[in-house]
Amino acid sequence: IAYCLKGFSKQERDRRIAGSLELVGLPEVGERYPSQLSGGQQQRVALARSISYEPKVLLLDEPLSNLDQKERERVRGELRLLLKRIGITTVFVTHDQEEAFVICDRVILMNGGKIEQEGTPDSLYSSPANLFVAEFIGRGNILKAELKSIDRAAHAAVLRIPEMEADLTCEFDGEFPDKVSSIVVRRNEIGVSQARPDFKENVLLGQVVAREYRGSVTDHRIRIGNAEIIATTHKFCDVSETREADTLYVHVPPRAIKPIAG
């Protein structure tokens, strides 16, 4: 940390070192060598070094990339709280979208050097601006769609899904595109059940093609018509033990359907 403060007096340098270590929650490690610190502590010391000269803007370029997954998840939560406490505007560069969502207030998604969408994490996830954003953010099912009818006063539309050979009702807030090329439905927002659910709209019958067990959740690959969708369930769901070739009812909530303009 002192290496960044060569132009300051010893008294000012010592004050800044102590202050920055206090801010990152490591006041006791000032006399240790880097090899005596854990990976998370090393990252926090690197941050202390950056804030010791009190910059107006801080750039963090893949700061958690050298940590293992468990340590990474722990440190990113600490990092967000720390940056909020310090109050320095920070540009955080990452290829990990979950990391960006946890840490950042606003997200800019770039593709080939161009901005595809900018906004809050929720707006990028819930309202993708185009097909690239829909495919990149989250785990979703993307299906070709055609707009059949729309009632803007009721904030509802009917979309034809050719591959499914079915019509789906979509409910929306705000703007709705005049032309729709496709839709995205997040895997964890689809309902599946062995008995027909008590919904009037968007209930379809499908057949399980494959199951992918992921520990905390299970992905069910389901064929409906000529389309394949993936629905994610937790281990206590009543269909968590389904097998290939089983028939399931699939419910796509109208609010879960996000149209893509085109």
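**Helix H1, cysteines and cores**

Visitor: Which residues of H1 are buried?
Guide: Arg 16, Ile 17, Ser 20 and Leu 21 are the buried residues of H1. Buried means under 20% relative accessible area, exposed over 50%, and partly exposed in between (1.4 Å probe, protein chains only). Helices (H or I, at least four residues) and strands (E, at least two) are DSSP runs, numbered from the N terminus.

Visitor: Where do they sit on the helix?
Guide: Seen down the axis of H1, the buried residues fall within an arc of 125 degrees, so they line one face. The arc is taken from the directions from the helix axis to the C-beta atoms. Gln 11 and Glu 22, on the other side, are exposed.

Visitor: What should I know about the model?
Guide: This is a predicted model: local features need pLDDT of at least 70, side-chain atom pairs count only at pLDDT 80 or more, and totals for chains, interfaces and linings use all residues. Residues are numbered from 1 along each chain as its sequence is written, and side-chain values use heavy atoms, leaving out hydrogens and water.

Visitor: How many disulfides are there?
Guide: Zero in the whole structure, where a disulfide is a pair of cysteine sulfur atoms within 2.5 Å. Cys 104 counts as buried because its relative accessibility is 16%, while Cys 4, at 30%, counts as partly exposed.

Visitor: Which residues touch the most other members of the largest nonpolar core?
Guide: Met 164 and Ile 183, in a core of 30 residues. A nonpolar core is a set of buried Ala, Val, Leu, Ile, Met, Phe, Trp, Tyr and Cys residues joined through side-chain atoms within 4.5 Å. Apart from that core lies another, of 29 residues, including Leu 64 and Val 75.
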